[in-house]
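This report concerns a predicted model. Please consult the sequence and structure shown here.

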Amino acid sequence: QQIRQAIKFELGLTVSIGIAGNKLLAKLMSRRFKPDHLTTLLNRAIPSTLLILLHTHRASITAATTGVH
């Protein structure tokens, strides 16, 4: 939280930060809740979170290709 607040104070920018066991998961989490959020992915939540992301991604592809929302 302190990093986000410092960036906002010094530069006037918002940032989203993801914290996870590896860089890929951290990046996915930082994109999950934008703008200006800190999201932590605990190891025990990885399987369920990845299933949710997969379902969300499939739904967005289906909507984009078929026009069905």
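## Salt bridges

The count of salt bridges in the predicted model comes to two. In one of them, the side chains of Arg 4 and Asp 36 meet at 2.5 Å, N to O. Arg 4 belongs to helix H1 (residues 2-11) and Asp 36 to the loop between H2 and strand S2 (38-40), so this pair ties together parts that are 32 residues apart in sequence.

Asp 36 also meets the side chain of Lys 8 in a salt bridge, at 3.6 Å, N to O. Because Lys 8 lies in helix H1 and Asp 36 in the loop between H2 and S2, the pair links parts that are 28 residues apart in sequence. Through shared partners, Arg 4, Lys 8 and Asp 36 form one network. Arg 4 counts as buried, at 12% relative accessibility, whereas Asp 36 is partly exposed at 22% and Lys 8 is partly exposed at 43%.

## The largest pocket

The largest pocket holds about 210 Å³ of space. Helices H2 and H3 (46-66) are the elements that each give two or more residues to its lining, and H2 gives the most, with five. By class, the lining has four nonpolar, two polar and three charged residues; among them are Lys 27, Arg 31, Leu 53 and His 57.

## A nonpolar surface patch

Leu 24, Leu 28 and Leu 50 make a nonpolar surface patch of about 260 Å². Leu 24 is located in helix H2 (residues 23-32) and counts as exposed, at 59% relative accessibility. Leu 24 and Leu 28 also line the largest pocket.

Note on methods
Residues are numbered from 1 along each chain as its sequence is written. This is a predicted model: local features need pLDDT of at least 70, side-chain atom pairs count only at pLDDT 80 or more; totals for chains, interfaces and linings use all residues. Side-chain values use heavy atoms; hydrogens and water are left out. Patches are made of residues with over 30% relative accessible area and no salt bridge: like charges are joined within 9 Å, nonpolar side chains (Val, Leu, Ile, Met, Phe, Trp, Tyr) within 5 Å. Accessible areas come from the Shrake-Rupley method with a 1.4 Å probe; for residues, only the protein chains shown count as cover. A salt bridge is a side-chain nitrogen of Lys or Arg within 4 Å of a carboxyl oxygen of Asp or Glu. Helices (H or I, at least four residues) and strands (E, at least two) are DSSP runs, numbered from the N terminus. Buried means under 20% relative accessible area, exposed over 50%, partly exposed in between (1.4 Å probe, protein chains only). On a 1 Å grid over the protein atoms alone, a cavity is a set of points where a 1.4 Å probe fits but cannot get out, and a pocket is an open set with protein on both sides within 12 Å along at least five of seven lines; lining residues have an atom within 4 Å of a point. Grid points are joined across faces, edges and corners, and a volume is the space filled by probe spheres set on the points. Ala, Val, Leu, Ile, Met, Phe, Trp, Tyr, Cys and Pro count as nonpolar, Asp, Glu, Lys and Arg as charged, and the others, Gly among them, as polar.
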